Amino acid sequence: MIKESFVIEGLAGKKSLKGEIRVGGAKNAALPAMASAFLFKGEIKLENVPDIEDVKRMFELLEELGVLVRKNPKNLSLDAKNAKKTELPKEISKKMRASIILTGPMLARFGQVSFPHPGGCLIGERPIDIFLEGFKKMGATVKETDSIYKVEAKNKKLKAAEIFFKIQSVTATETFLMAALLAEGKTVLRNCALEPEVTSLAEFLVSAGARIDGIGTSTLTIEGGELLNPPHAPYVTIPDRIEAGCFLILGALCASDLEISNCHPKNLLALIEPLKNAGVPLEIKENSILIKNNGKIQNEKFKSFNIKTHEYPGFPTDLQAPAVVFLTQASGESSVFETIFEGRLNYTSDLVKMGADIKIWDAHRGSVKGATLLKGKELEGPDIRAGLAFIIAALAARGRSVISNVYFIDRGYEKIEKRLKAIGAKIKRATIIFP
Ligand code: EPU
């Protein structure tokens, strides 16, 4: 079988990477901002949009739905003026969980929307009950036939509602924030997700005249109304805090001096604090993080720490896999508690094949003993975030690794091999024939 792969020569613990690595726009901020096109009378502009596969899929979805999409490397213009279709195309939606964000603004604009159960990474069950319950609260009916959900608002207009999210959900908060803007009356959303991507979307909508109170808190109050006028200023995608966190971990393990530029360290304290305590020499600036004189003392190991993933501002589940790679290289035993997704420790079996000492106790819990020498192996990236964690592990390891399933990595990270090469990593993209 032929598979596109990354071939990586490990540094065997040497901290030889150096230079500057710039953080791109956040995938999980760009995707909802793109979906918001349905809330506007005319064309909106988005900047600093990462050139990644998930953005391309969202782009294709919008085009299929009749949105006029123009792209000029990292800048997008989206105009939903002539969009009429209300069915999300099955193929793409099933592959990308984030497609569900479209349902809120589409239902609000057209009074109906149908969509398949959304797919995405294999990190857990990923139900959509919170969405379906919320639509009903806003006066819509939900019918399911042959795995397609058809949602229809009474008289084609959503009604404001009081919704308490039983779990803080990032995409559900974004979906109902957008749906409520075109509903009749004042909606109150409680137990909202606090992730910076939610705040960034809300601030953009406010810049277009939306009336949203409580931004940055767990209660959002939204005044419904008509389609919004596009704002003069574009939406500027915030830096990807997960990408920044991955570069930080990579730098801690493999770099002597590294500047992680164009990031917002204040959104990443849940990782920065434990890394500092572990002994990683970090200097935090407003928009960058410097790793300085790392690895000066031969064979000195960082101290391990425990991880418990949590909704923002807690430790992000999307950084759990890269952080576990860090722990395999730190000294001591640490516990890992993945509280958000039940399939998000599966990748650890591949780290064990590389030589890591990791025990998994149940679907949510494990422990890591470090420091262990990792050896290069053939690996298959299982999801976006574990995929990049494997690249970090491969670079820290001794010997050559081949990581296939690069599509998952390309879904979330732009031209990763080019950017890593620029700081000294030996990584190349190759088409490999597997027996
Ligand atoms: N949940 C339900 N019912 C629902 C929706 C969610 O039970 O209807 C549960 C989930 O199963 C999970 C918890 O709620 O246990 C929280 O999940 P959430 O809904 O917040 O996840 P999401 O919105 O689907 C976003 C990111 C994920 C990130 C999570 C958690 C986007 C597009 N995706 O997903 O990012 O892991 O929040 O922070 O914003 C990634 O980028 O690789 C990725 C998976």
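Predicted model: local features only at pLDDT ≥ 70, side-chain atom pairs only at ≥ 80, totals over all residues.
I went on to other atoms around the ligand. In the side chain of Asn 28, an N or O atom lies 3.0 Å from a ligand oxygen. I then looked up how much of the ligand is covered. The ligand taken alone exposes 830 Å², and the protein buries 91% of that.

**Entry: the shell around the ligand**

I checked where the ligand sits, and the place is the largest pocket. I noted 23 residues around the ligand. Those that come nearest are Ser 169, Thr 171, Asp 318, Ile 340 and Arg 385.

I sorted the shell by residue type. Eleven of its residues are nonpolar, five are polar and seven are charged.

Which helix gives the most to the shell? I found that helix 5 does, with three residues. I also listed the helices that each supply at least two shell residues: helix 1 (27–35), helix 5 (129–137), helix 6 (170–181) and helix 12 (384–396).

**Entry: the whole chain**

I turned to the protein chain and recorded 14 helices and 23 strands. Its radius of gyration is 22 Å, close to the 22 Å that the globule rule gives for 435 residues, so the chain is as compact as a globular protein of that length. Along the principal axes, the C-alpha atoms fill a box of roughly 70 × 50 × 45 Å.

**Entry: backbone angles in loops**

I looked up cis peptide bonds next. The bond from Tyr 312 to Pro 313 is cis, with omega near 5 degrees. I located Pro 313 in the loop between strand 17 (307–308) and helix 10 (320–328).

Another cis bond runs from Gly 370 to Ala 371, and its omega is near 0 degrees. Ala 371 has its place in the loop that joins strand 20 (365–370) and strand 21 (378–380).

Where is Asp 146 found? I placed Asp 146 in the loop between strand 7 (140–145) and strand 8 (148–153). I noted Asp 146 for its phi, which is near 45 degrees, a positive value in a residue other than glycine.

Definitions and conventions: Residues numbered from 1 in each chain as written. Heavy atoms only, no water. Near = heavy atom within 4 Å. Polar contact = N/O pair within 3.5 Å; in protein donor to acceptor, adjacent residues only side chain to side chain. Areas by Shrake-Rupley, 256 points an atom, 1.4 Å probe, with all protein chains shown as cover. 1 Å grid on protein atoms, 1.4 Å probe; cavity = no way out; pocket = protein on both sides within 12 Å on 5 of 7 lines; lining within 4 Å. Sits in = over half its atoms within 2 Å of the grid points. Helix = DSSP H or I, 4+ residues; strand = E, 2+ residues; numbered from the N terminus. Nonpolar A, V, L, I, M, F, W, Y, C, P; charged D, E, K, R; others polar. Rg over C-alpha atoms; globule rule 2.2 N^0.38 Å.
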